[in-house]
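Here is a walk through one model, from its inside to its charged pairs. Have the sequence and the 3D view open as you read.

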Amino acid sequence: MLPKADSNDPTMPDHEQLLLAVARNRDSTAFRTLFDHFAPRIKAYMRRLGADSSAAEELVQDVMMAVWLRADRFDPALASASTWIYTIARNRRIDRVRQERRPELQPDDLVPDGGEEPTPDHHFEAAETAFRLRAVIGSLPPEQADVLRLAYYEDKVHAEISAERGIPLGTVKTRLRLALVRLRRAFGEGA
């Protein structure tokens, strides 16, 4: 559950106007005011969601960077500034949890069951598969290949790719899905 929106206290700054100033003019003073207001609240929110202090601080930085970079996507007709910012925070926390749950590859995982050395045929098949994979990735449209590389070779979550490339999250997911469909077809696994 997201924290409650800010009260209607007339002494409080209008967060929507501040966010629009950041979007339109890259107003660093408006951003500083938003940061000073939201950073401690987001950190407390992250702590309530189970993040330790260090992770909560990292998430605050990540969220506020996203606010700065994506302020032009804020639409006051769709949500208040606080709802928009807390939604980014919640999504970043979900991305972080998913990333933490990915099992890390251990050096022992590379050895086949039984501890036997791979056969020369295995090496040949692996090299052939790698060659085919590079060829298929090379034949993808550049935007699909880029998203695929970021997601699978650089292990970035979709939201990171979206922020890094400045494209909507849905576009990232679509490009990745299309790339994976082409890879599956190329390797005879259907779509």
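Start with the largest nonpolar core, which has 32 residues; among its members, Leu19, Ile42, Met46, Val63, Met64 and Val67 touch the most others. A nonpolar core here is a set of buried Ala, Val, Leu, Ile, Met, Phe, Trp, Tyr and Cys residues joined through side-chain atoms within 4.5 Å. Buried means under 20% relative accessible area, exposed means over 50%, and partly exposed is in between (1.4 Å probe, protein chains only). The elements that put two or more residues into this core are α1, α2, α3 and α4, and the largest share, 9 residues, comes from α2. Helices in this naming are DSSP runs (H or I, at least four residues), and strands (E) need at least two; both are numbered from the N terminus. Apart from this core lies another one, of 15 residues, including Ala145, Ile167, Val172 and Leu176.

Before going further, a word on what you're looking at: this is a predicted model, where local features need pLDDT of at least 70 and side-chain atom pairs count only at pLDDT 80 or more, while totals for chains, interfaces and linings use all residues. Residues are numbered from 1 along each chain as its sequence is written, and side-chain values use heavy atoms, with hydrogens and water left out.

Now pick out helix α3, residues 53-70. At the start of α3, a side-chain oxygen of Asp52 comes to within 3.2 Å of the backbone nitrogen of Ser54. Which residues of α3 are buried? They are Ala55, Ala56, Leu59, Val60, Val63, Met64, Ala66 and Val67. Looking down the axis of α3, these buried residues fall within an arc of 165 degrees, so they line one face of the helix; the arc is taken from the directions from the helix axis to the C-beta atoms. The buried residues pack against α1 (15-25), α2 (28-48) and α4 (81-101).

Arg93 is buried, with a relative accessible area of 11%. Skipping neighbours within four places in sequence, Arg93 is in contact (heavy atoms within 4.5 Å) with Met46, Leu49, Gly50, Ala51 and Leu59. Turn to Met46 and, not counting residues up to four places away in sequence, it touches Ala51, Ala56, Leu59, Ala89, Arg90 and Arg93.

Last stop: the charges. Side chains of opposite charge can pair when their charged atoms come close. The structure holds 10 salt bridges, each a side-chain nitrogen of Lys or Arg within 4 Å of a carboxyl oxygen of Asp or Glu. Take Arg165 and Asp146, whose closest N and O atoms are 2.6 Å apart. Arg165 lies in helix α7 (residues 158-165) and Asp146 in helix α6 (residues 142-153), so the pair ties together parts that are 19 residues apart in sequence. Is Asp146 buried or exposed? At 19% relative accessibility, Asp146 counts as buried, while Arg165, at 35%, is partly exposed.

Glu154 bridges to Arg149 at 2.3 Å between the closest N and O atoms, and Lys156 bridges to Glu164 at 2.4 Å. Lys156 is buried at 17%, whereas Glu164 is partly exposed at 38%. Put together, Asp146, Arg149, Glu154, Lys156, Glu164 and Arg165 are linked in a network of salt bridges.

Notes: Expected span 1.5 Å × (residues − 1). Polar contact = N/O pair within 3.5 Å; in protein donor to acceptor, adjacent residues only side chain to side chain.
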